Amino acid sequence: RICAELARLKIGHARVGAGTKQTIAEERRRFVEDADCRVMVISNRMAQGPNLQIAKYCEFYETPIDPKTRKQARRRVERQHSQHDRVFLTDYVVRGTYDERVLGFLEEGKSLFDAIIRGEARA
């Protein structure tokens, strides 16, 4: 949906995730070298994705729920030798969902899923 909207708005973008024909390296190269490619859309598998020192913004539309995976995803843009003094991370939270609760657990370094399985938190 995000890629479809970017295409509709004629915003150049690269995409890494299921269903893409290009390799991660090819899409990263396009994002880094093509001035018209302003956005890179990456699935929740970003923790295993490319390092993006060039990125100034990272927006989570759906955050990884595991604290280690979330940290790895965040560190893809918060890197040594970044081209920016600051990198901005944004989480989109939907009212009436578990988004806030997931982010709260992540902030504590805990997984909401694991806490539910162990009976330490209610679903």
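Guide: The account below begins with the model, then turns to the pocket and its lining.

This is a predicted model, in which local features need pLDDT of at least 70 and side-chain atom pairs count only at pLDDT 80 or more, while totals for chains, interfaces and linings use all residues. Residues are numbered from 1 along each chain as its sequence is written, and side-chain values use heavy atoms, with hydrogens and water left out.

The protein has five helices and four strands; these are DSSP runs numbered from the N terminus, helices being H or I of at least four residues and strands E of at least two. From the N terminus, their order is α-β-α-β-β-α-β-α-α.

The largest pocket has a volume of about 910 Å³. A pocket is found on a 1 Å grid over the protein atoms alone: it is an open set of points where a 1.4 Å probe fits, with protein on both sides within 12 Å along at least five of seven lines, and its lining residues have an atom within 4 Å of a point. Grid points are joined across faces, edges and corners, and the volume is the space filled by probe spheres set on the points.

The lining of the largest pocket consists of 30 residues, and those nearest the centre are Met40, Val41, Ile42, Glu59 and Tyr61. At least two lining residues come from each of helix H1 (2-8), strand E1 (12-16), strand E2 (37-42) and strand E3 (57-60). Strand E2 gives the most, with five residues.

By class, 21 residues of this lining are nonpolar, three are polar and six are charged. Here Ala, Val, Leu, Ile, Met, Phe, Trp, Tyr, Cys and Pro count as nonpolar, Asp, Glu, Lys and Arg as charged, and the others, Gly among them, as polar.

Tyr61 is placed in the loop between E3 and helix H3 (67-75). Together with Ile2 and Tyr92, Tyr61 also makes a nonpolar surface patch of about 300 Å². Accessible areas come from the Shrake-Rupley method with a 1.4 Å probe, and for residues only the protein chains shown count as cover.

For contrast, the second largest pocket has a volume of about 210 Å³.

Note on methods: Patch = residues over 30% accessible without salt bridge, like charges linked within 9 Å, V, L, I, M, F, W, Y side chains within 5 Å. Salt bridge = Lys/Arg side-chain N within 4 Å of Asp/Glu carboxyl O.
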